[in-house]
Amino acid sequence: MSDLDLTLLHAALSGIPSLDRSSLLPALHAVQKIYGYIPEAAAAEIAALLGVPLAEVYGVIDFYAMFYREPTARRVLRVCSDPACALKGAETLLQAACDHYSVAADEPTPDGGLMVERSPCLGLCEHAPAVLIEETALGGVTIGGMLQAVENPHIGLPIGPGSRLGGDLHLLTANIGRGRPTSLQEYLDGGGYRGLRAALQTSPGEVIEQVKQAGLVGRGGAAFPTGLKLQGAASAPGEPKYIVCNADESEPGTFKDRVLLEEDPQRTIEGMLIAAYAIGAEKGFFYVRGEYPAAWQALNLALAEARQTGYIGEDILGSGFGFEIELRLGAGAYICGEETALFESIEGRRGFPRLKPPFPTTHGLFGQPTVINNVETLCNVPFILQHGAAAYRQVGTQQSPGSKLFCLSGDVARPGLYEAPFGISLRHLVYELAGGVKGGKGLQAMLIGGAAGVFATPEQLDTRLSFEDLKAAGLPLGSGVVVVLDERRDLRQTLLQLGRFFAHESCGKCYPCQLGTQRQYEILQRLAAGAPVPGDLQRLQDVGWTMSEASICGLGQTAATAILSAMQRWPNLFQDKSS
């Protein structure tokens, strides 16, 4: 590497807060931004500066889909091919791009100018089909529009297509709809940071008690009581303690956290500050998806505003409480949405999930007591502290208090983000709020909870959307995903897309998931082609149950849930088409 290159490298690394192992992902991002890939000499220099063995640096590079070890292309066109976009013609878009540039998917053009990639969910499901051109996200694209955007990169396209918002109420989404980030002043004018002020005027223990009384549980899918997390970390021995915001929203069909971060980032920051005060943490991390450039930019601006006005830093609002937040950008790994894999990534390692116990509240980030929640969960905390637990419980049901953000996509008339109280029916959400099936077509199925979810039938439309009612109906709430499929759709194709997604995203740490997702995908390929072999149905069930029972993390444990539910509801799908 020339002296000039070395100078560029060191300049890129100068903005990283600390040069240790935990800075590995930021360092790799900085280098790739310069060269378009991570040259061998740059990897060696990073290894030396951070004190990380070069072999481990390469292991991290190879683990994340958005890092490249070899020269690829100056620009990358990522075409989402997961279920919501596939329903809207993503495969046609992908093939058109490949044909236009005379390349295969995931291969660069001969001049190295462009690479067309098949991408997992971009979190733009309500704008399907969607593409990401470098840091510009485009939704509702046509073939012509996509090619024009690629060939004219300086025509001033917006970085994100904005939000489509609806619902019965707007507690969490009060500042959504501007099509841009809410400024700090706008947030304050709407009552922002009053929850933090209320928290700082009471004790940390009282803050935890308020959250417990409110009945807030995690909104990412696991539904663990938030107050118990805070209590566990606060009482755990060990310093320092950490707050982590899991903004690695990668579940196909989910986009609520993206919208919250893009248009109202201060609300999540306030939730983190309150949680930090409650457990005695002085530092926190945001971990944002690599595919969320608009959210990343909005957060950077919001954090800068909050620091300048004294909401982040030392002696916040004269309380003696201090807290700092550091951003981390992911690099394309669905598994990093799993909390312990996310910790590993922040620490500068491959995102392999850890065995539990121990749990994060006692042994989390850097082995210290940690509270980790997703964006939507943290956005609930300011309301609770500002208005009180009793006011929070006036919304929703007794066992499922509060509101929920639902992500509707697919064959629905008005795809978008809907905020509603727990307890509304699935019918009310799909037909009254979102306008029903597009074009008046018949409803065939609804995928509830995302790729790791379960298929629901039209007969289940009157199920109430609460934890207790969904559990009784055998349906997951998950992250609030509802993908609608009309009567025309071949569900075998949707199952194939789900199988491909999990086969691609399995981290490979445990054998049941590593091998199981591959075998599941192979069987689904045969079924989609109408050419199953004898025993495929039983094999698919065996593989699914093995993954569910023997995998060490949620990815493998749920990689077959949608397929198994489809087998139960529509056994005819798994018969030879020619028979």
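I began with Thr-494, which touches Phe-455 and Leu-485 once residues up to four places away in sequence are left out; contact here means heavy atoms within 4.5 Å. I found Thr-494 in helix H20, residues 491-505. Helices (H or I, at least four residues) and strands (E, at least two) are DSSP runs, numbered from the N terminus. Thr-494 is buried, with a relative accessible area of 5%. Buried means under 20% relative accessible area, exposed over 50%, and partly exposed in between (1.4 Å probe, protein chains only).

A note on what I am reading: this is a predicted model, where local features need pLDDT of at least 70 and side-chain atom pairs count only at pLDDT 80 or more, while totals for chains, interfaces and linings use all residues. Residues are numbered from 1 along each chain as its sequence is written, and side-chain values use heavy atoms, with hydrogens and water left out.

**Glu-459**

Next I looked up Glu-459, in the loop between strand E14 (454-456) and helix H19 (467-472). Is Glu-459 buried or exposed? Its relative accessibility is 68%, so Glu-459 counts as exposed. Its side chain and that of Thr-457 are joined by a polar contact of 3.0 Å. (A polar contact is a pair of N or O atoms within 3.5 Å; within protein, one must be able to donate a hydrogen and the other to accept it, and residues adjacent in sequence count only if both atoms are side-chain atoms.) I also checked Ala-389: it is 70 residues from Glu-459 along the chain, and their C-alpha atoms are separated by 36 Å.

**The largest pocket**

I then turned to open spaces. A pocket, on a 1 Å grid over the protein atoms alone, is an open set of points with protein on both sides within 12 Å along at least five of seven lines; a cavity is a set where a 1.4 Å probe fits but cannot get out, and lining residues have an atom within 4 Å of a point.

The largest pocket has a volume of about 1,300 Å³; a volume is the space filled by probe spheres set on the points, with grid points joined across faces, edges and corners. Its lining has 47 residues, and Gly-220, Gly-221, Ala-222, Gly-337 and Glu-338 lie nearest the centre. Helix H11 (226-235), helix H12 (256-263), strand E10 (370-374) and helix H23 (554-558) give two or more residues each to this lining. Which element gives the largest share of the lining of the largest pocket? I found that E10 does, with 5 residues.

**Helix H11**

I stayed with H11, whose buried residues are Thr-226, Gly-227, Lys-229, Leu-230 and Ala-233. Down the axis of H11 they fall within an arc of 160°, so they line one face of the helix; the arc is that of the directions from the helix axis to the C-beta atoms. They pack against helix H10 (204-214), helix H13 (265-279), helix H15 (339-346), E10 and helix H16 (375-387).

**The second largest pocket**

This pocket has a volume of about 1,200 Å³. Of its 36 lining residues, His-29, Ala-30, Lys-33, Glu-135 and Leu-329 are the closest to its centre. Helix H2 (24-35) supplies the largest share of the lining, 7 residues.

**Cavities**

Last, I searched the whole structure and noted 4 cavities of 30 Å³ or more. The largest cavity has a volume of about 60 Å³, and its lining includes Cys-507, Cys-510, Cys-513 and Cys-553.
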